[in-house]
Amino acid sequence: MTNVPLGPGGWHYEKGHRICVSGLGERATKTMLQGAFGEFGHIIKIETPRSGSAAYISFKDRGDAEDAVKAMDGEQIDGQRVAVSRAGERPPPNAAKKEAQQTKASEVLTTVNFEREEKRTARYLDSTGMDKRIQKLPAVEVAAAADARRQASDEKVAAAARAVEGLAAAAGLAAGKAARA
């Protein structure tokens with residue numbers, strides 16, 4: 001199923017079994033790689049990325065790829081000693097860039113926020129871990145604030161009790177009407 005047209009705009013290629021040839025010079029060409037690795041079996045695809053000194057060759061059969069790795073690892077191609085190894089599937093375009101950006105952004109944000117929060121907290125704590133701001137208030141103000149909170153709480157409890165009594169009275173009236181009917 002090699003080179004079968006998919007319809008408008010595309011061809012389907014078998015993925016094959018990829019090997020990585022690294023240590024090539026900048027002058028490495030696909031024709032040169034075809035000549036060096038073609039004797040090992042049917043080559044489906046040769047990729048020569050613009051950056052770097054590596055190329056990827058996809059063989060149709062796994063055995064051909066393994067033979068090429070065993071025979072060509074450490075050999076010279078065009079005067080350059082090359083390293084040949086098995087390669088995984090091709091990563092999606094820009095996957096490495098996106099992953100690096102996300103990792104970098106999250107690490108920086110976490111570090112900056114954590115350090116900032118630690119500095120803020122340290123400003124308000126004394127050596128015993130107590131908040132310095134509370135200790136600076138006069139005892140009278142602290143007691144007044146506590147009384148105000150207690151009074152507000154008492155008022156809320158009283159309001160809730162009145163609401164419950166009202167509901168109970170309403171339920172009692174409803175029960176009386178139902179009994180009379």
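Two strands count as paired if DSSP finds at least two bridges between them, and the strands and helices themselves are DSSP runs, numbered from the N terminus (strands E, at least two residues; helices H or I, at least four). With that settled, Ile19 turns out to stand opposite Ile57 in β5. This is a predicted model, so to speak of local features a pLDDT of at least 70 is needed, side-chain atom pairs count only at pLDDT 80 or more, and totals for chains, interfaces and linings use all residues. Residues are numbered from 1 along each chain as its sequence is written, and side-chain values use heavy atoms, with hydrogens and water left out.

Now to the sheet. Strands β3 (residues 17–22) and β5 (residues 54–59) run antiparallel and are joined by six bridges. Put together, four strands make an open, antiparallel sheet with the order β4-β5-β3-β8. Its edges are β4 (43–47) and β8 (83–86), each of which pairs on one side only. On average, neighbouring strands are turned by 20 degrees against each other, direction ignored; for this and the helix angles below, axes are lines fitted to C-alpha atoms (for helices, over the stretch in contact), and angles run from 0 to 180 degrees between N-to-C directions.

Helix α1 (residues 30–37) touches β3, β4, β5 and β8, and its direction makes about 140 degrees with that of β4. Helix α2 (residues 62–72) touches β3, β5 and β8, at about 150 degrees to the direction of β8.

On to the charged pairs. A salt bridge here is a side-chain nitrogen of Lys or Arg within 4 Å of a carboxyl oxygen of Asp or Glu, and a search of the whole structure turns up two of them. One joins the side chains of Arg18 and Glu47, at 3.3 Å from N to O. Arg18 sits in strand β3 and Glu47 in strand β4, so this pair ties together parts that are 29 residues apart in sequence. Arg18 is buried at 10% relative accessibility, and Glu47 is buried as well, at 12% (buried means under 20% relative accessible area, exposed over 50% and partly exposed in between, with a 1.4 Å probe and protein chains only).

The other salt bridge brings together the side chains of Arg86 and Glu66, at 3.9 Å from N to O. This one links distant parts of the chain, with Arg86 in strand β8 and Glu66 in helix α2, 20 residues apart. Arg86 is partly exposed, with a relative accessible area of 39%, and Glu66 is partly exposed at 34%.

As for aromatics, rings of Phe, Tyr and Trp (its six-membered ring) pair if their centres lie within 6.5 Å; planes under 30 degrees apart count as stacked, over 60 as edge-to-face and the rest as tilted. The whole structure holds one such pair. The ring centres of Phe37 and Phe40 are 6.4 Å apart and the planes stand at 50 degrees, so the pair is tilted. Phe37 is buried, with 0% relative accessibility, and Phe40 is buried at 17%.

Technical notes: Contact means heavy atoms within 4.5 Å.
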